[in-house]
Amino acid sequence: MGVLVFLLVVVAILAVLALAMAVKIVKQYENGVLFRFGRLVGTRSPGLRIIIPFVDVLHRVSLRIVTMPIQSQGIITRDNVSVDVSAVAYFRVVDAVKSVIAVENVHAAINQIAQTTLRKVVGQHTLDETLSETDRINLDIREILDVATVEWGVEVTLVELKDIQLPDSMKRAMARQAEAEREKRAKIINAEGESLAAAALGDASDTMMAHPLALQLRNLQSLVEIGVDKNTTVVFPAPLMSTIGELGSFLARETAAASSPAPPAELLAKTIPGPTSNGIPETV
């Protein structure tokens with residue numbers, strides 16, 4: 001009787017264990033792939049599923065989007081600049097059967113192919129293109145990964161370059177380039193301002209030449225501006241060009257007078273006044 005009870009207890013325990021092994025739960029975001037004696041039977045949708053213990057094997061595959069960081073890669077760009085580029089990839093399983101049968105470890109496979117693709121695509125671009133055209137590089141990497149992973153039942157939804165590390169020497173060179181670019185723009189703006197100022201001064205001079213009183217009014221305005229500061233020195237502006245012209249005319253007259261010959265003595269004698277009877281000088 002005792003042996004019978006013991007056997008019943010053992011059978012009950014084995015039945016509980018078998019039932020526990022036979023009952024499987026597939027979550028809503030998963031899909032089950034069932035193998036029976038090593039051969040594919042099919043897939044199992046989410047819910048409570050019963051399998052045959054020691055005969056069936058159920059692989060649960062997550063269908064959620066997986067975020068996979070791509071570790072930093074030392075890459076030489078097309079213009080021979082060494083950079084370290086890291087990225088992040090987003091993918092999800094669209095065919096649970098292929099993801100189990102076609103590749104042993106889908107996560108490790110995608111990580112490795114993402115690293116090599118990142119190195120290949122970035123190496124085909126120059127440094128300036130890598131820094132400015134990240135959207136196009138992301139799209140190229142995604143397209144290449146989609147072609148490779150479609151046989152694994154995986155869809156790459158997004159690839160983004162996360163960080164680009166430049167050598168210190170390249171950072172200094174880019175800083176000097178940016179500084180030179182700012183100086184160039186400053187000089188161009190200054191030259192354009194000088195050109196506009198010169199044009200405005202030309203228009204003002206034409207107006208003053210047509211209206212002489214405008215220059216006098218401007219001189220008075222300058223005196224008013226000087227008087228605001230309560231200066232003890234008062235400056236009277238004068239037309240510079242007319243003053244120089246008058247000075248030149250004076251020097252020309254003086255030079256002509258100095259270079260003319262002296263009058264003869266007879267002419268001087270004729271002009272000497274002599275006495276007359278009525279006291280009025282007479283010229284001989």
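Which residue of β5 is the bridge partner of Leu34? I find that it is Leu58, and I keep in mind throughout that this is a predicted model.

**Strand β2 and its partners.** I looked next at how β2 and β5 run, and they are antiparallel, joined by 7 bridges. On its pairing with β3 (residues 39-44), I note that β2 again runs in the antiparallel sense, here over 5 bridges, and that Arg36 stands opposite Arg39 of β3. The hairpin of these two strands has 2 residues between them, and within it I found Phe37 with a positive phi near 55 degrees. I then checked burial: of the 7 residues of β2 (residues 30-36), 6 are buried, so the strand is largely enclosed by the rest of the structure.

I looked up Phe54, which lies in the loop between β4 (47-50) and β5 (56-62), and its phi is near 65 degrees, a positive value in a residue other than glycine.

**Helix α3.** The end C-alpha atoms of α3 are 26 Å apart, and I note that this agrees with the 26 Å that its 18 residues should span at 1.5 Å a residue. At the start of α3, I found a side-chain oxygen of Asn105 within 3.2 Å of the backbone nitrogen of His107. The buried residues of α3 include Val106, Ile110, Leu118 and Val122, and its buried residues pack against β6, β7, α2 (96-101), α4, α5 and β8.

**Helix α5.** For α5 (residues 134-149), which has 16 residues, I find 22 Å from its first C-alpha to its last, close to the 22 Å expected at 1.5 Å a residue. Which residues of α5 are buried? I list Ile137, Asn138, Ile141, Leu145 and Thr149. They cover an arc of only 100 degrees around the axis, which puts them on the same side of α5. I remind myself that an α-helix has 3.6 residues a turn, so residues three or four places apart point the same way. On the other side of α5, I find Asp135 and Val147 exposed. The buried residues of α5 pack against α3 (106-123), α4 (127-132) and β8 (154-165).

Notes: Residues are numbered from 1 along each chain as its sequence is written. This is a predicted model: local features need pLDDT of at least 70, side-chain atom pairs count only at pLDDT 80 or more; totals for chains, interfaces and linings use all residues. Side-chain values use heavy atoms; hydrogens and water are left out. Helices (H or I, at least four residues) and strands (E, at least two) are DSSP runs, numbered from the N terminus. The expected span of a helix is 1.5 Å times one less than its number of residues. Buried means under 20% relative accessible area, exposed over 50%, partly exposed in between (1.4 Å probe, protein chains only). The arc is that of the directions from the helix axis to the C-beta atoms. Contact means heavy atoms within 4.5 Å. A polar contact is a pair of N or O atoms within 3.5 Å; within protein, one must be able to donate a hydrogen and the other to accept it, and residues adjacent in sequence count only if both atoms are side-chain atoms. Two strands pair if DSSP finds at least two bridges between them.
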